[in-house]
Amino acid sequence: MNPYLAGVLLGFVIMAAFFFSGEGLGGSGAFKDIVKTSVVKVAPEYAENSHYFKSAAESEHSPIKTWLVFEVLGILIGGVISGAMA
């Protein structure tokens, strides 16, 4: 496949992900959600006083339950299974 065409198609996929879910496809979003949940659990006072962590501390649902976290977990599990079968 032409790499330029693949890049354009990937751009369309990422734009569709932003349109439908409000987030991209990257694994860094999952890391952000895991860090937010960890800070809220380990240092709740700090999370309540921090502008960045305050939204996670006041939220009704856990940031760890976002689809990006499950995407990264699926990648890790799929990698382990693929490595075991190789």
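1. A definition to begin with: rings of Phe, Tyr and Trp (its six-membered ring) pair if their centres lie within 6.5 Å, and planes under 30 degrees apart count as stacked, over 60 as edge-to-face and the rest as tilted. With that in hand, find Tyr46, Tyr52 and Phe53, which ring pairs link into a cluster.

2. A word on the ground rules. This is a predicted model, where local features need pLDDT of at least 70 and side-chain atom pairs count only at pLDDT 80 or more, while totals for chains, interfaces and linings use all residues. Residues are numbered from 1 along each chain as its sequence is written, and side-chain values use heavy atoms, with hydrogens and water left out.

3. Now the overall layout. The chain has five helices and zero strands, where helices (H or I, at least four residues) and strands (E, at least two) are DSSP runs numbered from the N terminus. Read from the N terminus on, the order of elements is α-α-α-α-α. The C-alpha atoms fill a box of roughly 50 × 35 × 20 Å along the principal axes.

4. How does the radius of gyration of the chain relate to that of a compact globule of 86 residues? The chain has 17 Å, whereas such a globule would have a value near 12 Å. The radius is taken over C-alpha atoms, and the globule rule is 2.2 Å times the number of residues to the power 0.38. Of the 86 residues, 19% count as buried; buried means under 20% relative accessible area, exposed over 50%, and partly exposed in between (1.4 Å probe, protein chains only).

5. Back to the rings. The rule gives three aromatic pairs. One of them joins Tyr46 and Phe53 in a tilted arrangement, 6.0 Å centre to centre with 55 degrees between the planes. Another brings Tyr52 and Phe53 together edge-to-face, at 5.1 Å and 80 degrees. Phe53 is buried, at 10% relative accessibility, while Tyr52 is partly exposed, at 46%.

6. Which side chains form the one salt bridge found in the whole structure? They are Lys32 and Asp33, which meet at 3.7 Å, N to O. The rule asks for a side-chain nitrogen of Lys or Arg within 4 Å of a carboxyl oxygen of Asp or Glu. Lys32 is partly exposed at 31%, but Asp33 is buried at 5%.

7. On the surface, look for a nonpolar patch made of Met1, Leu5, Val8, Leu9, Phe12 and Met15, with about 650 Å² of accessible area together. Phe12 lies in helix H1, residues 3-21. Patch residues have over 30% relative accessible area and no salt bridge; like charges are joined within 9 Å, and nonpolar side chains (Val, Leu, Ile, Met, Phe, Trp, Tyr) within 5 Å. Accessible areas come from the Shrake-Rupley method with a 1.4 Å probe, and for residues only the protein chains shown count as cover.

8. Glu71, in helix H5 (residues 67-85), is 46 residues from Leu25 in sequence and 8.7 Å from Leu25 in space. Glu23, in the loop between H1 and helix H2 (28-42), is 20 residues from Ala43 in sequence and 27 Å from Ala43 in space.
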